[in-house]
Amino acid sequence: MDEEELLRTVPIFSELTDVDITSLARLTNRRRYPKDTVVFFENEEGDFFFTIVDGRIKVTILGDDGREIILSVLGPGDFFGEMALLDNEPRSATAIAVEDSELLSLHRTDFQSVLTDNRSITAALIKILTARLRRANHQISTLALLDVYGRVARVIVDMARDEGKRLKDGRIAFRRATHQEIANRIGTTRETVTRMLKDLERQGLIHVEGREIVVQPDFEKVFD
Ligand code: CMP
């Protein structure tokens with residue numbers, strides 16, 4: 001796909017006219033980031049806005065004890081790096097490719113003029129940032145109100161909702177994240193996650209099938 005076609009698949013740019021897409025494509029740079037490459041670090045100065053063409057980008061912060069806390073894992077069509085450009089503060093988190101990824105980047109000045117010239121993009125941006133705030137509120141309630149078992153169960157529900165594909169038999173399958181990744185999403189240890197997942201599997205609530213976790217169609221009712 002060329003850059004114009006790629007930009008058309010990005011939700012935040014979906015309202016742009018063909019002419020605007022063509023001029024935006026001229027301003028973006030396309031680059032591959034192999035698995036485990038850091039796109040940028042928390043607290044750095046930031047001058048670029050990124051959209052994900054392919055792959056997955058993990059947004060993390062480091063706790064005082066050096067533990068990694070995963071705020072989000074973003075995929076194709078998602079964007080990141082907008083906050084430092086909107087408030088002129090340093091990067092609020094580190095962004096790391098967790099798979100071989102391809103990104104389109106847009107320089108700060110071009111990002112700002114695209115926002116000024118296109119009210120539809122500003123509206124789409126606000127809508128997506130609002131969705132992120134809702135998600136962050138949900139995460140706060142998970143961390144504050146649930147015990148570790150509940151948190152693991154909720155991660156399963158969230159991943160099935162966000163990333164799940166429905167199988168022919170109605171069950172939902174999604175990527176089997178590493179136990180360390182799940183632990184870093186909910187502030188616990190890998191060993192605890194391993195124990196809890198085994199327990200959920202023993203109860204027949206989840207099934208690990210190859211590189212996927214599979215849950216029943218009514219899994220949300222069981223966990224909520
Ligand atoms: P910026 O602060 O420039 O760099 C880190 C980026 O991570 C940030 O912009 C956002 O794009 C993204 N980010 C920060 N917090 C979250 C979050 N809670 N959910 C999703 N993305 C986030």
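Reply: Helices (H or I, at least four residues) and strands (E, at least two) are DSSP runs, numbered from the N terminus. The protein chain has 9 helices and 12 strands. Its C-alpha atoms fill a box of roughly 55 × 45 × 30 Å along the principal axes. This is a predicted model: local features need pLDDT of at least 70, side-chain atom pairs count only at pLDDT 80 or more, and totals for chains, interfaces and linings use all residues. Residues are numbered from 1 along each chain as its sequence is written, and side-chain values use heavy atoms, without hydrogens and water.

On a 1 Å grid over the protein atoms alone, a cavity is a set of points where a 1.4 Å probe fits but cannot get out; a pocket is an open set with protein on both sides within 12 Å along at least five of seven lines; lining residues have an atom within 4 Å of a point. The count comes to 1 cavity of 30 Å³ or more. L7, F13, L24, T28, F49, F50, T51, L104 and L106 line the largest cavity. At least two residues of this lining come from each of β3 (48–54) and β8 (101–107). β3 gives the most, with 3 residues. By class, the lining of the largest cavity has 7 nonpolar, 2 polar and no charged residues. Here Ala, Val, Leu, Ile, Met, Phe, Trp, Tyr, Cys and Pro are nonpolar, Asp, Glu, Lys and Arg are charged, and the others, Gly among them, are polar.

Now the open spaces. The largest pocket holds about 990 Å³. Its lining has 36 residues, and S72, L74, F79, R132 and R135 are the closest to its centre. Which elements each supply at least two residues of the lining of the largest pocket? Three strands do: β4 (57–62), β5 (68–74) and β6 (79–80). So do the helices α3 (83–87), α5 (119–145) and α6 (148–163). α5 supplies the largest share of this lining, 9 residues. The lining of the largest pocket divides into 19 nonpolar, 8 polar and 9 charged residues.

The second largest pocket holds about 300 Å³. It is lined by 14 residues, with R56, R175, A177, T178 and E181 the closest to its centre. β5 and α7 (179–186) give two or more residues to the lining of the second largest pocket. The largest share, 3 residues, is from α7. Charged residues number 8 in the lining of the second largest pocket, beside 3 nonpolar and 3 polar.

What do these pocket helices pack on? Begin with α6. α6 and α8 (190–202) pack at an angle of about 70°, with their axes 10 Å apart (axes are lines fitted to C-alpha atoms over the stretch in contact; angles run from 0 to 180 degrees between N-to-C directions). That makes α6 roughly perpendicular to α8 (65 to 115 degrees). From α6, V148, Y149, V152 and I156 meet T192, M196, L197, D199 and L200 of α8 (contact means heavy atoms within 4.5 Å). This contact has 7 nonpolar residues, 1 polar and 1 charged.

Next is α7. The axes of α7 and α8 come within 8 Å and cross at roughly 105°. α7 is therefore roughly perpendicular to α8. On the α7 side, H179, Q180, I182 and A183 make the contact. On the α8 side, R190, V193, T194 and L197 do. The contact of α7 with α8 has 4 nonpolar, 3 polar and 1 charged residues.

Methods
Points joined across faces, edges and corners; volume = space filled by probe spheres on them. Parallel < 35°, antiparallel > 145°, perpendicular 65-115°, else oblique.
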